[in-house]
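Please keep the sequence and the model in view while reading.

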Amino acid sequence: MLLSAHIDTLGAMVKAVKDNGRIRITKLGGFPENNIEGENCIIHTREGRTYSGTIQLNHSSVHVYDDVNTIKRDNTTVEVVIDKLVKTADDTETLGIMSGDFISFDPRTVVTESGFIKSRHLDDKASVAILIELAKAVKEEKLKLSRRVELLFTNYEEVGHGASTGIPNDIDEMIAVDMGAVGDDLKTDETCVSICAKDSNGPYDYLLTTKLIKIAKEKNLNFAVDSYPRYGSDAGAALRSGMDAAFALIGPGVSASHGYERTHKAGLENTYKLLLELI
């Protein structure tokens with residue numbers, strides 16, 4: 001059995017340096033520009049330098065512009081303002097900043113007394129932490145596995161091809177440990193382990209998904225089964241690469257996905273407990 005989680009996150013790249021020295025971005029992963037408006041960020045140059053900045057509208061001040069509320073958010077209106085005294089493209093390029101440099105967003109991680117975890121990139125850092133904790137338990141508590149278990153941490157899930165390589169040929173079951181989306185008529189919340197029955201690519205394996213539901217019921221876990229209409233996972237990438245296996249998807253419930261996200265310790269614990277029963 002293979003358990004996968006992805007370590008890559010949403011971010012951006014420098015698309016171009018503008019005439020005023022500010023940066024036009026191109027997005028990495030799928031999110032609306034309003035989800036990053038006003039965020040602090042870091043520009044990472046190819047030479048290893050880093051520069052802080054803020055993602056702003058080019059019409060950012062309500063005291064100056066009357067279209068702040070209505071202006072369309074895209075890469076023609078959302079820009080990175082670098083924390084350097086730059087006024088021209090030459091000023092910025094002299095810093096070593098160029099097209100193709102990566103831009104990372106401040107995660108702003110907060111853990112509340114009530115058990116909520118608020119941060120960017122819980123998709124999929126939360127489930128990465130769960131798999132690391134699982135591996136730690138196997139080693140330190142000398143848990144006896146019922147079968148061979150492989151862990152795969154992928155780095156291109158957000159752009160669609162994370163688990164298309166690196167998987168042993170004899171794997172017959174793969175579970176993507178990702179996140180459950182919260183909202184609309186979905187049953188999942190931040191305290192649940194979400195079991196995804198179907199996403200944008202179609203239904204997950206019937207027998208394996210049924211097995212997960214049965215275990216969750218028997219162990220009295222707080223779980224929900226949902227279908228996500230705008231969602232893909234490493235399981236889909238593996239399937240498209242030609243992997244012949246049964247696929248399933250689970251993960252803690254995460255609200256405000258691809259924005260400033262929130263989950264709860266209980267969601268992580270329920271996901272961890274379900275995985276313990278599988279291995």
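K273 is partly exposed, with a relative accessible area of 44%. The residue sits in helix α5. The model is a predicted one, and the values here are computed from it.

Which residue lies 139 positions from K273 in sequence but 9.5 Å away in space? That residue is L134, with the distance taken from C-alpha to C-alpha. L134 belongs to α2, and is one of the residues there that meet α5. The pairing of these two helices comes next.

## Helix α2 against helix α5

Two packed helices are described by the angle between their axes and the distance between the axes. Helix α2 covers residues 122-140, and helix α5 covers residues 265-278. They pack at an angle of about 45°. Their axes are 10 Å apart. The two helices are therefore oblique to each other. The crossing of α2 and α5 is right-handed.

Which residues make the contact between α2 and α5? From α2 come A126, I130, L131, E133, L134 and A137. From α5 come L268, T271, Y272, L275 and L276. By class, this contact holds nine nonpolar residues, one polar residue and one charged residue.

## Helix α3 against helix α5

Helix α5 also packs with helix α3, which spans residues 206-218. The axes of α3 and α5 come within 10 Å and cross at roughly 110°. That angle makes α3 roughly perpendicular to α5. The crossing is right-handed here too: α3 passes α5 in that sense.

On the α3 side, the contact residues are K211, L212, I215 and A216. On the α5 side, they are L274, E277 and L278. How do the residues of this contact divide by class? Five are nonpolar, none is polar and two are charged.

## Backbone features around α2

Most residues other than glycine have a negative phi, and most peptide bonds are trans. A cis peptide bond joins D123 and D124, with omega at about 15°. D124 lies in helix α2.

H121 has a phi near 70°, a positive value in a residue other than glycine. H121 lies in the loop between β9 (116-119) and α2. Is H121 buried or exposed? At 13% relative accessibility, H121 counts as buried.

K142 also has a positive phi, near 50°, and is likewise a residue other than glycine. K142 is found in the loop between α2 and β10 (150-154). K142 is exposed, with a relative accessible area of 69%.

## Cysteines without a bond

A disulfide is a covalent bond between the sulfur atoms of two cysteines. How many disulfides does the structure hold? The count is zero.

A disulfide needs the two sulfur atoms within 2.5 Å. C192 counts as buried, at 3% relative accessibility. C196 counts as buried as well, at 1%.

K87 lies in the loop between β6 (78-82) and α1 (89-94). At 69% relative accessibility, K87 counts as exposed. The C-alpha atoms of K87 and K18 are separated by 9.6 Å, although the two residues are 69 apart along the chain. Not counting residues up to four places away in sequence, K87 touches D19, N20 and G21.

E33 is found in the loop between β3 (23-28) and β4 (40-44). Is E33 buried or exposed? At 11% relative accessibility, E33 counts as buried. E33 and M13 are 20 residues apart along the chain, and their C-alpha atoms are separated by 13 Å.

Which residues does E33 contact, leaving aside its neighbours within four places in sequence? They are K27, R73, D74, N75 and V78.

Technical notes. Residues numbered from 1 in each chain as written. Predicted model: local features only at pLDDT ≥ 70, side-chain atom pairs only at ≥ 80, totals over all residues. Heavy atoms only, no water. Axes fitted to C-alpha atoms, helices over the stretch in contact; angles between N-to-C directions. Helix = DSSP H or I, 4+ residues; strand = E, 2+ residues; numbered from the N terminus. Parallel < 35°, antiparallel > 145°, perpendicular 65-115°, else oblique. Left-handed = near helix turned anticlockwise from the far one by under 90°. Contact = heavy atoms within 4.5 Å. Nonpolar A, V, L, I, M, F, W, Y, C, P; charged D, E, K, R; others polar. Buried < 20%, exposed > 50% of the residue type's maximum accessible area, 1.4 Å probe, protein only.
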